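I opened my notebook to go through this model and jot down what I looked up. Here are my entries, in the order I made them.

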There are 2 protein chains.
Amino acid sequence: MATISRKAQEMPASAIRKLVPYADAAKKQGIKVYHLNIGQPDIKSPECALKAIRENKLTHISYSHSAGLAELRDGLANRYYKNIGINIDPSELIVTVAGSESVNLALEISCNEGDEVIVLEPFYTNYNTFAFLNGITIKAIQTDIRNGFQVPAIEEFEKAITPKTKAILVCNPGNPTGTLYSRESMLAIGEIARRHDLFLISDEVYREFCYTDEPHFSAMNIPDLDQNVILVDSVSKRYNLCGARVGCIVSHNKEVMAAAMKFAQARLCPPVIGQIASVGALDTPEEYFVAVKEEYIKRRDYMIEYLNSIPGVYTPLPMGAFYTIAELPVDDTEKFAKWMLENFRIDGETTMVTPAASFYKTPGKGINHARIAYVLEIPEMKKALRILEEGLKAYPGRTI
Amino acid sequence: MATISRKAQEMPASAIRKLVPYADAAKKQGIKVYHLNIGQPDIKSPECALKAIRENKLTHISYSHSAGLAELRDGLANRYYKNIGINIDPSELIVTVAGSESVNLALEISCNEGDEVIVLEPFYTNYNTFAFLNGITIKAIQTDIRNGFQVPAIEEFEKAITPKTKAILVCNPGNPTGTLYSRESMLAIGEIARRHDLFLISDEVYREFCYTDEPHFSAMNIPDLDQNVILVDSVSKRYNLCGARVGCIVSHNKEVMAAAMKFAQARLCPPVIGQIASVGALDTPEEYFVAVKEEYIKRRDYMIEYLNSIPGVYTPLPMGAFYTIAELPVDDTEKFAKWMLENFRIDGETTMVTPAASFYKTPGKGINHARIAYVLEIPEMKKALRILEEGLKAYPGRTI
């Protein structure tokens, strides 16, 4: 029998999604599964985006330009980014198939096979996947759950840099941690990138989900780093249009954008109906985000307090995104999460969390950490957390 | 300044799209450009697909399953494929971001870096791109414009196979040639794949655009080749929903599908609104395809007759898809196409064709070939072809 490639064999399965079959099996048994595991918010998409799809008059769903609809590129550059103080020309932005394609492009463009990219650990597990696909090595810098996963001393970066280092990849606010980096932290990272002439890939897809009064500080606004910064962004994430699969890659570096364009042409164009929704989403009123933030703050506060009240559980207070990393009193969160899906029910319901070890590169790290998303309304979340609490008491591999 | 990767530097620019800036420049001058260069048909998308988008009641455009909406997978397997005599289970099909992702996946899964894939030349230029991205070498087998680019003697395959050969990639009906392979040809290719245990990647995205009375013969129906065939398909192409970006990869080989699933999870999910349109498109009545085929046959007949009436032009009669490769009496079709866009106008209008050299792997081949698509209505096409005819007379690099 013809054998599949080594890459196909060795490709890591998505840790976030590898428990999905167990969840599916539970659902087939009629069990309700509370999904605290994925970043699929239950927040409604903006009405203006939905309207743009429903009321579109197109009779031909044709290809768009490989770089995206001109209207969307213009709207993003001249309305959205301008409004938040990021100055770019539409030509410095290419619409991508969501943030996923944007991350992959940024890595593919900045690093050769065998090169290294520095990432703060824990990090979004698909960074690993995209690095793997491009033969790039992730050099992880450790952070500490006890100080909320903040950027460590800059010496840690200096120590991690080798002649093979080509880029630093940050996620701000962070998935899976929810950590928000201060202006000072971003400037310090920028200084390192400048000193070693590294690309700074800044994944800011959760920018509109920040829970401090200070405005989010974008890597695009680090002084004198124009040619090094590559911004990864997601239109569909921002507007709760996850399924639309629309994002963008942004850089002032013309070589980067010319390369991104070649890759973009290979896949012809980004999803056009999603782009139409995204054009509509540009009209999202400020109140929408205000309401979304208020809701997330309420949920976050509820969840963090609940989690920290469970014996043996510790989680910091995340200031962005809609996730937290929690330390659980278990031997292994992957075994625990699987056990919950297979064995633990209260009134025919169970709760799913994401084991966090795969968010770490350092072997053995994060084995008792889980990523928990506060993407459910409080009454639902309450039930989900109660099941989690009871599950932790009943789990055979508990450590307290 | 931080340097972009070698891959980013060496990535070939899309030959199909690299003339786009010249077309854009012409349009900025107010010139009308007839696009005979791309596979963007002016055929309306099916009403049921458009209706599915307009009348959808979704308030949350959320992620779908990484493998696609269950409704779409079921519908494709149990309605579309069943209806055309291809028997698959929904689990043997993963929804992709159009045919583009499907081709890339098929190559990535079947071949290691350094491996070889056999392709009949001329071939869709992005096969080259995706092979490049995966470090795979394309071994081209030559075909002959004078016999309509038919599958050559099977000895040619034997000659091309080396220990590094892992797959044969065919496109049937073919882009850019419009060539339709007979059942016998497909069985012969299948026999070679079986004998050498190669994957047979069959790109059948133009299956519904066949202009003979015989039904299209799918690689999925080659006997005793279940574990070797990987089908590349496009829902958005089939239903004139090019911008929806929905396709699929299909195989009975469980290892192939498990690998495809891992890759699919890395990009989270295919475009959901496009998938909704695709579910709607499954209701497309047979009459739609009948009318589309009639229209294309009319256009094809008109175009082929016109082209062959121009002195020095030769093109065979394509039996599928909506392209033809024509030999033009010019030094170099790339120079000619660029010259047309920059210099040649009749009443403020010009015509764009795709230079075909990039569809060939063999150096020097196809230099005077162009891909011409019959995607415009006859009155428009007539004007476009007249401009082409006059351009050929006026072009300084003409060879007759």
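**Strands 2 and 8, chain B.** I looked up how strand 2 and strand 8 (residues 247-250) of chain B sit together, and they pair in the antiparallel sense over four bridges. This is a predicted model, so I'm reading computed positions here. I picked out one bridge: Leu93(B) has Val250(B) in strand 8 of chain B as its partner. Then I checked the side chains of strand 2 (residues 93-96) of chain B. Leu93(B) and Val95(B) point one way, while Ile94(B) and Thr96(B) point the other way. Buried or exposed? All four are buried.

**A sheet in chain A.** Next I found an open sheet of three strands in chain A, in the order 9-12-11, with antiparallel pairing. Strand 9 (323-327) and strand 11 (354-355) of chain A are at the edges with a single partner strand each, so one side of each has no neighbour in the sheet. Strand 11 of chain A pairs with strand 12 (residues 369-373) of chain A over two bridges. Across from Pro355(A) I found Ala370(A), in strand 12 of chain A.

**Helix 13, chain B.** Which residues of helix 13 (residues 333-343) of chain B are buried? I noted Thr333(B), Phe336(B), Ala337(B), Trp339(B), Met340(B) and Leu341(B). Among the elements covering them are helix 2 (20-28), strand 1 (32-35) and helix 14 (378-394) of chain B. I also looked at the N-terminal end of helix 13 of chain B, and Asp332(B) caps it. A side-chain oxygen of Asp332(B) lies 2.8 Å from the backbone nitrogen of Glu334(B).

The largest cavity has a volume of about 660 Å³. It is lined by 29 residues, and those nearest its centre are Glu101(A), Asn104(A), Phe130(A), Glu101(B) and Asn104(B). Helices 5, 6 and 10 of chain A and of chain B each give two or more residues to that lining. By class I wrote down 14 nonpolar, six polar and nine charged residues.

**Pockets.** The largest pocket holds about 1200 Å³ of space. Of its 44 lining residues, Val20(A), Asp24(A), Ser64(B), His65(B) and Ser66(B) lie nearest the centre. Which element gives the largest share of that lining? Helix 2 of chain A does, with seven residues. The second largest pocket has about 870 Å³, and there the largest share, six residues, comes from helix 2 of chain B.

Conventions. Residues are numbered from 1 along each chain as its sequence is written. Chains are lettered from A and ligands numbered from 1 in the order in which they are written. This is a predicted model: local features need pLDDT of at least 70, side-chain atom pairs count only at pLDDT 80 or more; totals for chains, interfaces and linings use all residues. Side-chain values use heavy atoms; hydrogens and water are left out. Buried means under 20% relative accessible area, exposed over 50%, partly exposed in between (1.4 Å probe, protein chains only). Contact means heavy atoms within 4.5 Å. A polar contact is a pair of N or O atoms within 3.5 Å; within protein, one must be able to donate a hydrogen and the other to accept it, and residues adjacent in sequence count only if both atoms are side-chain atoms. Two strands pair if DSSP finds at least two bridges between them. On a 1 Å grid over the protein atoms alone, a cavity is a set of points where a 1.4 Å probe fits but cannot get out, and a pocket is an open set with protein on both sides within 12 Å along at least five of seven lines; lining residues have an atom within 4 Å of a point. Grid points are joined across faces, edges and corners, and a volume is the space filled by probe spheres set on the points. Ala, Val, Leu, Ile, Met, Phe, Trp, Tyr, Cys and Pro count as nonpolar, Asp, Glu, Lys and Arg as charged, and the others, Gly among them, as polar.
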